[in-house]
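Hi,

Here is the structure I said I would pass on. Have a look at it first, and my notes on the aromatic side chains and a surface patch follow below.

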Amino acid sequence: MDLGYINARVRGMHSRLLGQKVFDALMVQQDIPSLVTELEKTPYREEIQEACVLYPGIKGIEAALRMNLVHTCQKILSLVEGSDAEPLVRIILSRWDIHNVKTILRGKHIHVSSEEIQECLIPAGSLGEPLLVELIKQPDVRGVVDLLATWESPYARPLTQHMDEYAKGKEISVLEYALDRFHYENAFSLLKEKSEDHEVMRRLLRQEIDSLNLKNALRMNRDRVEPETAIAYFLPGGEHVGQERFLALVAAGNIDTIVQNLEGTPYAFLVPLIPEAMRTGTFSLLEKELDKFLTRKGTGVYRSDPLGGAVVIGYLWAKQNEIINLRIIARCKNARVSDAELEKELRYV
């Protein structure tokens, strides 16, 4: 299908994203029932009405948001099928496969109930809900990996290669790292063209890898992981956080050294937050700022080449951002968090 036509359709979908006035109206609702009523005035009406019949309270809202995101991703995939934008969209949607498989593996590892695991899944990738339900039914991590192998899923290979290591140390991070590495290697292998669209996608992937490496390096520094151990979790392919900087961050003996390794990079915005994070050992604010950075970069490509596939990429990032912000509002309302605290939690871009 012609990219001009696809982009026109996607721009129409982009115009229906919720504006600031709608978010302001949602944020001042007093409780979940009033939030449901307000959401019924938005493009989420159909899913809200369907899900809230099946699930009470916040579970209804979360189910509706998942349904809406899945519907949106399916619609986009059907639009781009056969076009130059299809590989780009499939790379983005494969992130949901990685998220879902990781969630199921972690759930089995720590013995979380099937219901709790299913509530955290977003079946927007190649593994649809029926397949994910079959994976959840497996008794343990080994069962999940074996079933993926039976299906000849591409995600089975990296997991199978690391099952012995997992069995010895019972570290689920071994399998999570294997999935991440496979995801990025596979994505880069699909982006061989010198086109602007492929370069945009490569740049976004490199920034995602940088973000993951930064998060891991700072956590390992906090937990005093030896560099010899940490190197096994370094993801190659980043832009500004190469192996040398990653190991320097892991081994940094004081805050000044960490700051020195971030200054001059696009991640210098973390520097003012480093002292408090390292003092308390709480990295949630750092991770949130990195997630905002990635969201800004992802949504920003919507305004790049109007005739290229980046318009679709930017829309998918913007849609994901909207869903995340709606989930934050629902969870904060459910927990009776103050409006001021709620606003701090939102991921505006």
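On the surface, V53, L54 and Y55 make up a nonpolar patch, and together they have about 340 Å² of accessible area. Bear in mind that this is a predicted model. Y55 sits in the loop between α4 (45-54) and α5 (57-80). With a relative accessible area of 39%, Y55 comes out as partly exposed.

Next, the rings. Searching the whole structure turns up six aromatic pairs. One of them is Y177 with Y233: the ring centres are 5.8 Å apart and the planes are at 70°, so this pair is edge-to-face, given that planes over 60 degrees apart count as such. The two residues are 56 apart and link distant parts of the chain, with Y177 in helix α12 (residues 172-189) and Y233 in the loop between α14 (227-230) and α15 (243-251). Y177 is buried at 11% relative accessibility, and Y233 is buried too, at 18%.

Then there is F234 with F246, where the centres are 5.2 Å apart and the planes are at 55°, so the pair counts as tilted. F234 is in the loop between α14 and α15 while F246 is in helix α15, so the pair ties together parts twelve residues apart in sequence. Both are buried: F234 has a relative accessible area of 8%, and F246 has 0%.

Cheers

Terms used: Residues are numbered from 1 along each chain as its sequence is written. This is a predicted model: local features need pLDDT of at least 70, side-chain atom pairs count only at pLDDT 80 or more; totals for chains, interfaces and linings use all residues. Side-chain values use heavy atoms; hydrogens and water are left out. Patches are made of residues with over 30% relative accessible area and no salt bridge: like charges are joined within 9 Å, nonpolar side chains (Val, Leu, Ile, Met, Phe, Trp, Tyr) within 5 Å. Accessible areas come from the Shrake-Rupley method with a 1.4 Å probe; for residues, only the protein chains shown count as cover. A salt bridge is a side-chain nitrogen of Lys or Arg within 4 Å of a carboxyl oxygen of Asp or Glu. Helices (H or I, at least four residues) and strands (E, at least two) are DSSP runs, numbered from the N terminus. Buried means under 20% relative accessible area, exposed over 50%, partly exposed in between (1.4 Å probe, protein chains only). Rings of Phe, Tyr and Trp (its six-membered ring) pair if their centres lie within 6.5 Å; planes under 30 degrees apart count as stacked, over 60 as edge-to-face and the rest as tilted.
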